[in-house]
Amino acid sequence: MNQPAILETHEAFGETTLIADPARILDLCRYLKHEEKFIRLSGVTAVDWHPAEPRFEVVYHLHSLERNLRLRVKCRLSGTNFEIDSVYPVWRSADWCEREVFDMFGIQFRDHPNLQRILMPVDWEGHPLRKDYPVHGHKYSYPQE
Amino acid sequence: MKRTLDDDPVATLAAPVAEPANPAAPRLMTLNMGPQHPSTHGVLRIMLELDGETIRKAVPDIGFLHTGIEKECEQKTWQQVVTLTDRVDYLANLSNNLVYALAVEKLLQLEIPPRAQWMRVMLTELARINSHLVWLGTHALDIGAMSMFFYCFREREDILRLFEMFSGQRMMTSYIRVGGLALEPPRGWQKMVGKFIGAFPSKVDQYEDLLDSNPIWKRRTQGVGFISLEDMLDLGVTGPMLRGAGLKWDVRKSEPYSSYEKFNFEIPTRPENDVYARYQVRLAEMRESAKIVVQALEGMPEGAWHADAPHVVLPDREKMKTQMEALIYHFKIVTEGFRVPAGEVYQAVESPRGEIAYYIVSDGTSKPYRVHMRTPSFGNLQALGVLLKDTLIADSIAALGSMDFVLGDTDR
């Protein structure tokens, strides 16, 4: 627990980015919401850096109305088992955003209340926004073959 | 792909339809609304759990209009992506063009001349009026005030003609490009825009007269569709929904972009937090937008309509025929596109529906590495379950319409 939750900080184009420890994302988000007044979670998304390691970056965009400030928090996920805690207990808007990231990238959010596909059909195979997912020539493109 | 009810998590929502243990307990009915229901303004499906006429639970099911735009963006060159952003929110395409262009220009560190910035403001405000007109017409139609639709679409037609005059397209304008505008503004645009915007405020008065003197309209909208401000902020709702609950927040004021700080306008708010308040906020926003357009028209700066960046902006036709460099730049931009330095940006603007933000990652090549679109309809629609809980099913149409979502914007 003594390990700090924030690993690095970047500043570019007037935007602040925190690189956070994925194991402590929930604590960090609670702190940012309640102590630092980031009451809005503008969105959650991910970036696939395949084939580089760590492969995924989960990106949270926070917004404080009171301080008129935006903040980006990123968590890097490596290995083969892409899992991170859901921030749904902190902001309910994470619900659909995390479902979308799960649907598009296959990242599992622990303790999410309803981690189902949201944009793709429920029985879809694969995660379309991964870099190793083809743009053309998926098996559903040619149903007769 | 075929979807069966058995795999559908939403359809089994109220699975225990068996006789309740206590015969006096209410028996819930599950009703499927959409995806072809006309009042959902697109392909939205909602599973409603009804206790008589009262909605006990509403679960929106989205994704029917998913077209993989974010994936597609990764295959196009930076400038080509502009045409895809049009198709995200097809009622406010210029706002989408603008947010994308601003984000990429931030990465490129391009300086946009004042004339192009003002022109962008003017056009996005016309797009806001256009979007609010479509909303007002269809929303009133849903509630039963049919004639509003004709009046609103009459004015909308004028705006679409203006867009056609500027860009050659009525809806998919792609007029705001990285580095400025797509084309030089056409000759005589001041006269055409001035003619429209001079007459427009009186048209808004007409709409207001027509609806506010109608007791049915008031009974159907006042006190309907309440959702607390805390819930909305927690669920990611933005835009006129928040302003209808009294929160004075508009990205144009709080984080001005494209010289919005030089324009004089108000953020209309209402404290009532119901369908009627959202209607009043949007009407007031149309008036404010008209004020901005007039200011842009009167104070339009002279100068270039695109940035002085030959490696990004296509050269003039004339220069291409006379200058070697212009021809080389033209060839390079058309064949491989321009490169954008590696980095990541997040750019938010106020679209007619709320906060629209693009998160763009570049790896230094001529195609975006990742484009994430945080769209207002996605955030707003998430609150639908809370908004519709314990309301009457007849009111659900009014409440749903007051959110003003676009399904293309939700599903991307």
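## Helix pair in chain B

In this predicted model, helix 5 of chain B and helix 6 of chain B run roughly antiparallel to each other, because angles over 145 degrees count as such. Helix 5 spans residues 147–167 and helix 6 spans residues 189–212. They pack at an angle of about 165°. Their axes lie 11 Å apart. The crossing of the two helices is left-handed.

Helix 5 of chain B contributes M148(B), Y151(B), E155(B), D158(B), L162(B), M165(B) and F166(B) to the contact. By class, the contact holds 13 nonpolar, one polar and three charged residues.

## Contact between chains

Chain B and chain A each give 33 residues to their contact. On the side of chain B, the elements giving two or more residues are helix 1, helix 8, strand 6, strand 7, strand 8 and helix 14. Strand 7 (354–362) gives the most, with four residues. By class, this side of chain B has twelve nonpolar, ten polar and eleven charged residues.

## A glycine in a loop

G179(B) sits in the loop between strand 4 (176–177) and strand 5 (180–181) of chain B. Is G179(B) buried or exposed? G179(B) counts as buried, because it has 25 C-beta neighbours inside 10 Å.

Leaving aside residues up to four places away in sequence, G179(B) touches L110(B), H306(B), A307(B), A309(B), V312(B) and V313(B). A116(B) is 63 residues away from G179(B) along the chain, with 9.0 Å between their C-alpha atoms.

Technical notes: Residues are numbered from 1 along each chain as its sequence is written. Chains are lettered from A and ligands numbered from 1 in the order in which they are written. This is a predicted model: local features need pLDDT of at least 70, side-chain atom pairs count only at pLDDT 80 or more; totals for chains, interfaces and linings use all residues. Axes are lines fitted to C-alpha atoms, for helices over the stretch in contact, and angles run from 0 to 180 degrees between N-to-C directions. Angles under 35 degrees count as roughly parallel, over 145 as roughly antiparallel, 65 to 115 as roughly perpendicular and the rest as oblique. A crossing is left-handed if the near helix is turned anticlockwise from the far one by less than a right angle, and right-handed if clockwise. Two residues are in contact if their C-beta atoms, placed from the backbone, lie within 7 Å. Ala, Val, Leu, Ile, Met, Phe, Trp, Tyr, Cys and Pro count as nonpolar, Asp, Glu, Lys and Arg as charged, and the others, Gly among them, as polar. A residue is buried if 20 or more other C-beta atoms lie within 10 Å of its own, exposed if 12 or fewer, and partly exposed in between; C-beta atoms are placed from the backbone.
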